[in-house]
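Here is a short report on one protein chain. Keep the sequence and the 3D view at hand while you read.

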Amino acid sequence: MSLDVSPQLLAEAENGAVREEDFVETVRTSLPYAYDLIAQLSTELRAGNAEFADNQTPPPSERERGQLLRALSSDAIRGTLERHFGVALAFQNCHRVAVFPPEARGGRTHLRFTSTRAQILNQSPEFRDC
């Protein structure tokens, strides 16, 4: 299971719309590694002059890697994190996540990062089983 959903949030969903703040809190507590990594990268992006900020350090364990994969493979979670942090997310292999300003999506640097060429160049034997 990707998220630890509280009875209150489940009731909220059963009765209609879910408040995004409540969903963000569920993601933060259920997937802390992924949430904290994206928060850190978002802070780095805003603090610097680079076109994007990315992580190239593998997660400390498979548990954290799983959190990152679950967060980025869910459209709902990924979209919520993008809106919450005000970024566009991009993802390569099993840990290289990048944050871009939202307006950079589809731009030259973003397209280069998300291209098939970049994906191929970002592979190595240690990523094969991740």
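## About the model

This is a predicted model, in which local features need pLDDT of at least 70, side-chain atom pairs count only at pLDDT 80 or more, and totals for chains, interfaces and linings use all residues. Residues are numbered from 1 along each chain as its sequence is written, and side-chain values use heavy atoms, with hydrogens and water left out.

## Overall fold

The chain has 7 helices and 3 strands. Both are DSSP runs, numbered from the N terminus: helices are H or I with at least four residues, strands are E with at least two. Read from the N terminus, the order is α-α-α-β-α-α-β-β-α-α. The radius of gyration is 15 Å, close to the 14 Å that the globule rule gives for 130 residues, so the chain is as compact as a globular protein of that length. This radius is taken over C-alpha atoms, and the rule is 2.2 Å times the number of residues to the power 0.38.

The C-alpha atoms fill a box of roughly 45 × 35 × 25 Å along the principal axes. Of the 130 residues, 41% are buried. Buried means under 20% relative accessible area, exposed means over 50%, and partly exposed lies in between (1.4 Å probe, protein chains only).

## Nonpolar cores

A nonpolar core is a set of buried Ala, Val, Leu, Ile, Met, Phe, Trp, Tyr and Cys residues joined through side-chain atoms within 4.5 Å. The largest one has 24 residues. Ile 77, Leu 81, Leu 89 and Val 99 have the most contacts inside it. Two or more residues come from each of α2, α3 (32-47), α4 (62-73), α5 (75-85) and β3 (96-100). Helix α3 gives the most, with 8 residues.

Leu 89 touches residues including Ile 38, Leu 72, Leu 81, Val 97 and Val 99, with residues up to four places away in sequence not counted.

## The hairpin

Strands β2 and β3 form a hairpin with 3 residues between them. They run antiparallel, joined by 5 bridges. Two strands pair if DSSP finds at least two bridges between them. Ala 88 has Phe 100 in β3 as its bridge partner. In the turn, Asn 93 has a positive phi of about 40 degrees.

Strand β2 (residues 88-92) is mostly covered, with 4 of its 5 residues buried.

## Salt bridges

The whole structure holds 7 salt bridges. Each is a side-chain nitrogen of Lys or Arg within 4 Å of a carboxyl oxygen of Asp or Glu. One of them joins Glu 25 and Arg 28 at 2.5 Å, N to O. These two residues lie in helix α2 (residues 20-30), 3 residues apart, about one turn of the helix. Glu 25 is partly exposed at 36%, and Arg 28 is partly exposed at 34%.

Shared partners join Arg 19, Glu 21 and Asp 22 into one network. The closest N and O atoms are 3.3 Å apart for Glu 21 and Arg 19, and 3.1 Å apart for Asp 22 and Arg 19. Glu 21 is exposed at 51%. Arg 19 is partly exposed at 48%, as is Asp 22 at 22%.

Terms used. Contact means heavy atoms within 4.5 Å.
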